[in-house]
Amino acid sequence: MSDAVMPDRADETLVLEYEFDAPPAKVWRAVTIPALRERWLPDCDLARAEPESSIPGEEVRYRLRDSEPPYRESHVIFRIEPSEDGGTRFRIVQQACVDQIKLPQAANTNCCLMRAAA
């Protein structure tokens, strides 16, 4: 067995669903207003404090970064839907970032930059 960290597979997705008594507008504010979001999702857990994208009132996407090496990144999407009883159906979808899953290249790969240096 090896202690090497295996990269996350891009097809691995974590989905969590919650039902809240609060109306969708209140939940939306909690995930999009930085001072409110900071209480349960601090900026230090985000790759960037600004959302990558959003559909107002329905969905917001952030990029998370691990706090320890190898500092893997993932996308997290918060989806908000009204429930039948006036509350909110809240779904969290987290998926590994494909662009972060890169193996280091050897210094002698003979890529064009290395050939130009020779």
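1. Start with a term. A residue is buried under 20% relative accessible area, exposed over 50%, and partly exposed in between. Asp 43 has a relative accessible area of 34%, so Asp 43 is partly exposed. Keep in mind that this is a predicted model.

2. Now look at the partner of Asp 43. The side chains of Asp 43 and Arg 37 meet in a salt bridge, at 2.8 Å from N to O. Arg 37 has a relative accessible area of 1%, so Arg 37 is buried. Why can such a pair form? Side chains of opposite charge can pair when their charged atoms come close. The structure holds 10 salt bridges.

3. Another salt bridge joins Glu 52 and Arg 63, with the closest N and O atoms 3.5 Å apart. This pair links distant parts of the chain. Glu 52 sits in the loop between α2 and β2, and Arg 63 sits in strand β3 (residues 59-65). The two are 11 residues apart. Glu 52 is partly exposed because its relative accessible area is 31%. Arg 63 is buried, at 16%.

4. Strand β3 also supplies Glu 59. Glu 59 forms a salt bridge with Arg 79, the closest N and O atoms being 2.8 Å apart. Arg 79 lies in strand β4, so the pair ties together parts that are 20 residues apart in sequence. Are these two partners buried or partly exposed? Arg 79 is partly exposed, at 30% relative accessibility. Glu 59 is buried, at 18%. Elsewhere, salt bridges with shared partners join Glu 19, Glu 81, Glu 84 and Arg 89 into one network.

5. Stay with strand β4, which spans residues 73-82. Ser 74 lies in this strand. Its relative accessibility is 10%, so Ser 74 counts as buried. Which side chain makes a polar contact with the side chain of Ser 74? The side chain of Gln 94 does, at 2.8 Å. Leaving aside residues up to four places away in sequence, Ser 74 touches Tyr 62, Arg 63, Leu 64, Gln 94, Gln 95, Ala 96 and Cys 97.

6. Next, the rings. The structure holds five aromatic pairs. One of them is Trp 40 with Phe 78. Their ring centres are 5.4 Å apart and their planes stand at 75°, so the pair is edge-to-face. The cut-off for that label is over 60 degrees. Trp 40 is in the loop between α2 (34-37) and β2 (53-55), while Phe 78 is in strand β4, 38 residues apart. Trp 40 is partly exposed, at 40% relative accessible area. Phe 78 is buried, at 3%.

7. Phe 78 has a second ring partner, Phe 90. Here the centres are 5.7 Å apart and the planes are at 5°, so the pair is stacked. Phe 90 lies in strand β5 (residues 88-96), 12 residues from Phe 78. Phe 78 and Phe 90 are both buried. How far does the aromatic grouping extend? Tyr 18, Phe 20, Trp 40, Tyr 62, Phe 78 and Phe 90 form one aromatic cluster.

8. With Leu 14 and Leu 16, they form a nonpolar patch on the surface. Together the four have about 340 Å² of accessible area. Leu 14 is found in strand β1 (residues 13-20). Its relative accessible area is 45%, so Leu 14 is partly exposed.

Definitions and conventions: Residues are numbered from 1 along each chain as its sequence is written. This is a predicted model: local features need pLDDT of at least 70, side-chain atom pairs count only at pLDDT 80 or more; totals for chains, interfaces and linings use all residues. Side-chain values use heavy atoms; hydrogens and water are left out. Helices (H or I, at least four residues) and strands (E, at least two) are DSSP runs, numbered from the N terminus. Buried means under 20% relative accessible area, exposed over 50%, partly exposed in between (1.4 Å probe, protein chains only). A polar contact is a pair of N or O atoms within 3.5 Å; within protein, one must be able to donate a hydrogen and the other to accept it, and residues adjacent in sequence count only if both atoms are side-chain atoms. Contact means heavy atoms within 4.5 Å. Rings of Phe, Tyr and Trp (its six-membered ring) pair if their centres lie within 6.5 Å; planes under 30 degrees apart count as stacked, over 60 as edge-to-face and the rest as tilted. Patches are made of residues with over 30% relative accessible area and no salt bridge: like charges are joined within 9 Å, nonpolar side chains (Val, Leu, Ile, Met, Phe, Trp, Tyr) within 5 Å. Accessible areas come from the Shrake-Rupley method with a 1.4 Å probe; for residues, only the protein chains shown count as cover.
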